[in-house]
Amino acid sequence: MASVSIRNVRKSYGPLEIIKGVDIDIQDGEFVILVGPSGCGKSTLLRMIAGLEEISSGEIAIGERVVNEVLPKERDIAMVFQNYALYPHMTIAENMGFSLKLKKADKGEILSKVQRAAEILGLGPLLERFPRQLSGGQRQRVAMGRAIVRDPKVFLFDEPLSNLDAKLRVQMRTEIKEMHQRLKTTTVYVTHDQIEAMTMADKIVVMHDGIIEQIGAPLDLYDKPANMFVAGFIGSPSMNFIRGQIGADGFTTEAGGKLPLNGSTPAASDGRPAVYGVRPEHLRLADDGVPHEVIVIEPTGSETQMIVRPVGHATDKRGGLTCLLRERISAKPGEVVKIAPDPAMIHLFDHEHGRRL
């Protein structure tokens with residue numbers, strides 16, 4: 001196992017800069033997830049750690065060794081891709097042990113490591129089968145097993161669950177996390193799915209347009225987002241944003257509504273333009289709330305998602321709020337309900353730059 005240190009790393013394709021001076025410290029044994037929308041640079045950064053992309057400037061170290069000029073096969077890493085890339089003519093055992101065979105490892109060592117990986121991943125009964133005889137989830141486990149047998153210092157995962165259906169993704173999330181808890185190998189994992197990031201990571205790196213917006217533990221990012229981008233990206237459904245201004249008697253929305261503030265409002269903010277952020281689960285039905293018209297009701301069983309808009313205002317999409325309610329409700333589209341936020345759970349952001357106040 002080893003730490004990974006990324007220092008002022010940049011990547012350019014001609015005049016186009018994709019990675020813009022990234023700094024990340026990944027501790028030995030840590031599970032770090034790079035998350036962000038498509039095109040933010042997370043996969044490019046992972047490929048630079050692997051040695052599959054050249055670094056334009058900066059430094060990447062694995063353990064104590066700077067690996068900028070080190071070939072991928074000499075970095076002691078193992079990568080699991082979105083595509084399983086299994087050899088169709090080889091059995092599962094042969095696929096898993098192939099990298100060791102190329103290194104001319106002893107047959108006994110290969111067998112021992114393959115069996116150990118198969119036991120960790122529940123592949124024991126499948127070792128004599130061929131990839132075509134396996135499900136998508138089983139093939140992904142084989143790809144993970146092929147990485148495990150190499151006993152690398154660092155595991156790299158590039159969106160490994162994207163090709164799986166929803167139920168299999170949940171199962172594989174659990175299996176990857178359990179595998180990490182057993183092996184305690186340093187892991188860097190790329191995904192655009194913030195649910196994967198929240199449920200699996202020790203530490204999340206949120207990227208956007210080639211820069212890092214925030215680094216922290218999952219719940220730290222959820223509870224204290226550094227800016228509106230992180231607040232809107234982490235959490236599902238995403239945070240509601242309401243523009244207006246801070247006043248001594250509360251927050252006045254652009255639509256003229258009044259919303260409560262908590263005791264942490266910045267000093268000397270009276271009259272300051274700001275953005276009021278509140279998560280859907282922190283909105284409730286309340287007799288003292290603001291009247292809103294119900295637009296859409298989406299019951300899921302354990303929860304009900306409700307889209308509402310202020311009464312008396314044009315049905316501007318920007319004025320809508322998403323509420324996530326635990327109770328069963330009888331309201332129907334077109335009816336009026338009163339909605340109130342939990343003042344203890346609200347967030348305020350700078351109107352111009354989106355930074356947390």
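Tutor: Let us start with a term: angles under 35 degrees count as roughly parallel, over 145 as roughly antiparallel, 65 to 115 as roughly perpendicular and the rest as oblique. Such angles run from 0 to 180 degrees between N-to-C directions, and the axes are lines fitted to C-alpha atoms, for helices over the stretch in contact. Helices (H or I, at least four residues) and strands (E, at least two) are DSSP runs, numbered from the N terminus. This is a predicted model, in which local features need pLDDT of at least 70, side-chain atom pairs count only at pLDDT 80 or more, and totals for chains, interfaces and linings use all residues. Residues are numbered from 1 along each chain as its sequence is written, and side-chain values use heavy atoms, with hydrogens and water left out.

Student: At what angle do helix 4 and helix 5 pack?

Tutor: Two packed helices are described by the angle between their axes and the distance between the axes. Helix 4 and helix 5 (residues 166-183) pack at about 20°, with their axes 11 Å apart, and they are therefore roughly parallel to each other. Their crossing is right-handed, where right-handed says that the near helix is turned clockwise from the far one by less than a right angle, and left-handed that it is turned anticlockwise.

Student: At what angle do the axes of helix 3 and helix 4 cross?

Tutor: The axes of helix 3 (residues 107-121) and helix 4 cross at roughly 135° and come within 9 Å; helix 3 and helix 4 are therefore oblique to each other. Helix 3 also passes helix 4 in a right-handed crossing.

Student: How should I read a sheet, and in what order do the 6 strands of the open sheet lie?

Tutor: Strands of a sheet pair through backbone hydrogen bonds, either parallel or antiparallel. Two strands count as paired if DSSP finds at least two bridges between them. Here 6 strands form an open sheet in the order 6-7-8-3-9-10, with mixed pairing. Strand 6 and strand 10 (211-216) stand at the edges, each with a single partner strand, so one side of each has no neighbour in the sheet. The twist in this sheet averages 15° from one strand to the next. Strand 6 runs parallel to strand 7 (residues 154-158), the two being joined by 4 bridges, and A78 stands opposite F155 in strand 7.

Student: Which strands are the edges of the open sheet of 4 strands?

Tutor: That sheet has the order 17-16-15-18 and antiparallel pairing; its edge strands are strand 17 (321-325) and strand 18 (336-341), each pairing on one side only. The twist averages 55° from one strand to the next. Strand 15 (residues 283-299) and strand 18 run antiparallel and are joined by 7 bridges, with V290 opposite I339 in strand 18.
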